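Here's a quick briefing for anyone meeting this structure for the first time. Have a look at it, then read on.

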Amino acid sequence: MYEISQEYKDKLNQRGIVKKGYLNLLSSNSQNIATYTESDIKNFTILDDIYTPDEGIIGSIIAKQIEGYLFKAPNDTLIDKEIEAFIGVEGETDYIPMGRFIIQKPEDNKITDKAYFIGL
């Protein structure tokens with residue numbers, strides 16, 4: 001688990017705060033082969049879904065998903081590639097790792113001049 005101060009947590013959760021982030025594209029052996037920074041990323045959003053069954057199972061499942069766009073699509077396809085996502089707060093130097101995600105093809109097939117991410 002990544003440890004951050006309560007002050008930093010409060011900043012991340014504050015409405016209207018400017019957040020920053022970057023994405024590392026990983027090779028099949030988990031080596032970083034490309035980094036997409038703020039100048040490459042139009043936007044990305046990290047969504048949390050929590051599944052708790054009604055009965056019969058103890059516990060719940062938390063699944064994160066990323067949706068986002070790059071300003072320019074890379075030459076190589078990103079589908080089925082793995083990425084690591086990091087977020088931070090404008091004016092701070094620390095980035096928080098948000099996990100690894102697998103890029104899937106969007107359901108609506110609307111890929112034009114932008115690369116679309118969905119992570120599992």
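What volume does the largest pocket have? About 740 Å³, with the volume taken as the space filled by probe spheres set on grid points that are joined across faces, edges and corners. Keep in mind that this is a predicted model, where local features need pLDDT of at least 70 and side-chain atom pairs count only at pLDDT 80 or more, while totals for chains, interfaces and linings use all residues. Residues are numbered from 1 along each chain as its sequence is written, and side-chain values use heavy atoms, with hydrogens and water left out.

**The pocket**

- A pocket here is an open set of points on a 1 Å grid over the protein atoms alone, where a 1.4 Å probe fits and protein lies on both sides within 12 Å along at least five of seven lines; lining residues have an atom within 4 Å of a point.
- The largest pocket has 24 lining residues, and L12, K19, I46, I87 and M98 are the ones nearest its centre.
- β3 gives the most to that lining, with seven residues; helices (H or I, at least four residues) and strands (E, at least two) are DSSP runs, numbered from the N terminus.
- Sorted by class, the lining of the largest pocket comes out as eleven nonpolar, five polar and eight charged residues. Ala, Val, Leu, Ile, Met, Phe, Trp, Tyr, Cys and Pro count as nonpolar, Asp, Glu, Lys and Arg as charged, and the others, Gly among them, as polar.

**Strand β1 and its partners**

- Strand β1 (residues 19-26) has seven of its eight residues buried, so the rest of the structure largely encloses it. Buried means under 20% relative accessible area, exposed over 50%, and partly exposed in between (1.4 Å probe, protein chains only).
- β1 runs antiparallel to strand β5 (residues 82-89), joined to it by eight bridges; two strands pair if DSSP finds at least two bridges between them.
- Within that pairing, N24 has E84 of β5 as its bridge partner.
- β1 also runs antiparallel to strand β2 (residues 32-36), this time with four bridges, and L23 sits opposite Y36 in β2.
- Five residues lie between the strands in the hairpin of β1 and β2, where S30 takes a positive phi near 65°.

**Aromatic rings**

- There are two aromatic pairs in the structure. Rings of Phe, Tyr and Trp (its six-membered ring) pair if their centres lie within 6.5 Å; planes under 30 degrees apart count as stacked, over 60 as edge-to-face and the rest as tilted.
- Y22 and F86 are stacked, because their ring centres are 4.6 Å apart and their planes lie at 10°. This pair links distant parts of the chain, with Y22 in β1 and F86 in β5, 64 residues apart.
- F86 is buried, at a relative accessible area of 13%.
- Y22 and Y95 make an edge-to-face pair, 4.9 Å centre to centre with 80° between the planes.
- Y95 counts as partly exposed, at 23% relative accessibility.
- Together, ring pairs link Y22, F86 and Y95 into a cluster.

**The nonpolar core**

- The largest nonpolar core has 18 residues, and L23, Y36, F44, I66, I83 and A85 have the most contacts inside it. Such a core is a set of buried Ala, Val, Leu, Ile, Met, Phe, Trp, Tyr and Cys residues joined through side-chain atoms within 4.5 Å.
- β5 gives the most to this core, with four residues.
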